[in-house]
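I'm opening my notebook to look at a model.

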Amino acid sequence: MDFKKQVVSSLQQVLPIELTAEQLTALLEIPKNDQMGDLAFPTFILAKSLHQSPVKIATDLAEKIDQSKFEKVQAVGPYLNFFLNKQQLGEQILKTVLQQQAAYGEQDLGHGGNVPIDMSSPNIAKPMSMGHLRSTVIGNSLAYLLTKVNYHPIKINHLGDWGTQFGKLITAYQKWGSEAEVKADPINKLLAYYVRFHQEDVDHPELDDEARAWFRRLEAGDPEAIKLWKWFREVSLQTFMKVYQRLHVEFDSYNGEAFYNDKMAEIVEILEKKQLLKESQGAQIVDLSKYDLNPALIKKTDGATLYITRDLAAALYRKRTYNFVQSLYVVGNEQTNHFKQLKAVLKEMGEDWADQVHHIPFGLITQGGHKLSTRAGRVILLEKVLDDAVELAQQQIEQKNPSLKNKAAVAEEVGVGAVIFHDLKNERLNNFDFNLDEVVRFEGETGPYVQYSHARAQSILRKAQALGAKPAAATANIAIAPTADTWSVLKQLNDFPMIIQRAVKEYEPSVVAKYALHLAKAFNQYYAHTRVLEQDDQLTSRLALVRSVAIVLQEALRLLGVAAPDEM
Ligand code: ARG
């Protein structure tokens with residue numbers, strides 16, 4: 001429940017002049033000290049229109065207002081201070097969580113509407129980059145969040161599996177490649193051939209002609225070209241799948257760029273019919289100057305289509321196939337211009353749903369402050385990152401809990417979870433530096449810290465059960481004394497549905513990650529000052545709080561795509 005709303009609606013009933021809920025909400029202040037209540041309404045702004053002193057207004061309002069919903073409402077100088085009835089609210093909050101469990105926070109914002117999410121989308125025959133990792137985990141979390149609020153996400157891996165580079169790759173493979181090499185280490189070998197092509201074509205420009213010829217054969221459906229292309233795609237995808245499996249990410253579609261080969265003619269036709277195509281130095285472009293954008297290059301001089309042409313076909317295909325209410329593209333902010341162009345061309349084509357197309361950009365991952373770059377040798381290999389993270393997790397588990405069962409499985413959940421969490425706790429658009437030691441620490445703002453807090457809550461519950469305590473249920477008698485520590489946990493628990501709403505509205509999983517950190521922190525503070533398992537008449541209430549924390553932490557982690565082991 002929204003405490004501010006409660007205050008606002010009580011105020012609206014007694015205010016002598018009309019103010020909207022938004023206006024009132026904006027006016028509410030949080031008093032600096034607890035003695036002054038939980039929320040305060042300053043009366044200054046009413047003084048002029050009421051021709052009364054703020055102090056008098058506050059006193060009058062305190063008399064008129066319905067006090068029953070609060071512990072008390074008090075005028076202090078020009079302020080009207082609201083003291084929440086924490087005991088009663090605390091009981092309500094815990095009962096709600098215990099009753100709804102994992103469903104807590106669900107709401108119907110989406111009415112089941114379809115939302116394709118273009119995510120991950122690495123390029124065939126090239127290593128998956130940290131940028132693709134970001135796209136994968138952000139997209140995956142958005143899919144969980146959207147489901148939670150009753151949208152229906154469709155996760156699409158728009159593989160980069162077409163383009164003139166495949167002509168080069170086939171040429172290079174024919175000249176220097178071997179099947180055995182590719183089978184042993186597909187992506188690295190294919191990349192090496194491609195790199196060699198670019199080194200050799202400096203002195204042998206005829207290589208470019210060969211490559212163009214191969215790409216033309218590919219486009220024409222030549223069996224030999226197609227066979228190689230298919231094989232490159234297959235072995236690359238197998239390598240990507242290993243990463244997806246470790247991240248527990250699944251896709252609903254692997255329709256990549258090549259899928260749209262037979263769907264681009266229609267786009268060109270529409271553009272022609274609407275007289276949007278212009279010739280510029282032999283190429284076909286759409287002028288976008290009225291959007292303040294550079295022209296979209298639809299067809300090259302040799303007739304080859306481009307990245308944006310395939311994206312136009314994909315956008316239209318998705319509209320027809322899914323009749324989406326929104327269509328998302330989780331792609332790095334270096335492609336912002338591309339997506340602006342995409343939307344602008346769709347608008348020019350008269351597609352009124354262009355406004356439902358959203359680019360969800362994100363910032364760069366750097367290392368030691370430097371941009372990663374394949375050419376400069378500053379690459380981070382994803383599988384290695386995951387392996388190292390798991391290794392570090394294993395070491396810490398060894399120190400903290402050497403007798404833990406299934407150590408290897410837990411280390412995998414903690415190490416992989418740490419990498420995902422670290423990626424998601426940063427606001428999407430921020431660049432951030434990748435330093436593995438920081439990522440996997442059990443203390444501080446990390447995934448393992450949240451996982452550890454959850455495991456701690458579970459361990460308390462196990463101990464309670466061993467002591468014979470009844471499991472805390474929604475039907476239990478809950479009467480919790482709202483100390484400051486307790487109240488800050490309760491407040492966090494209460495915020496969860498609003499947090500989900502915000503995360504969805506802003507397409508920002510970091511809102512949930514930060515929330516999980518706050519809740520974990522509040523819980524650890526509570527735990528440090530409370531003897532939870534003391535056999536007194538508040539035991540059930542304390543267990544209700546601990547169980548609620550376990551439920552919400554687990555659910556928050558799930559929404560991020562991070563596992564929550566019961567023990568670690
Ligand atoms: N394959 C592209 C890359 O690695 C990303 C594709 C993003 N999705 C799209 N529909 N353009 O840069």
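I'm working with a predicted model, where local features need pLDDT of at least 70 and side-chain atom pairs count only at pLDDT 80 or more, while totals for chains, interfaces and linings use all residues. Residues are numbered from 1 along each chain as its sequence is written, and side-chain values use heavy atoms, with hydrogens and water left out.

**Ligand site.** Then I checked polar contacts (a pair of N or O atoms within 3.5 Å). A polar backbone atom of Ser121 sits 2.9 Å from a ligand nitrogen. For Asn123, a side-chain N or O atom is 2.7 Å from a nitrogen of the ligand. Tyr307 has a polar side-chain atom 2.7 Å from a ligand nitrogen.

**α6 and α19.** Helices here are DSSP runs (H or I, at least four residues), numbered from the N terminus. How do the axes of α6 (residues 130-148) and α19 (residues 484-505) cross? I found roughly 125°, with the axes coming within 10 Å; angles run from 0 to 180 degrees between N-to-C directions, and axes are lines fitted to C-alpha atoms over the stretch in contact. In contact (heavy atoms within 4.5 Å), Leu145, Leu146 and Lys148 of α6 meet Ile500, Ala503 and Val504 of α19.

**α18 and α21.** I noted α18 (residues 447-466) packing against α21 (residues 539-560) at about 145°, axes 9 Å apart.

How values were computed
Helix = DSSP H or I, 4+ residues; strand = E, 2+ residues; numbered from the N terminus. Polar contact = N/O pair within 3.5 Å; in protein donor to acceptor, adjacent residues only side chain to side chain.
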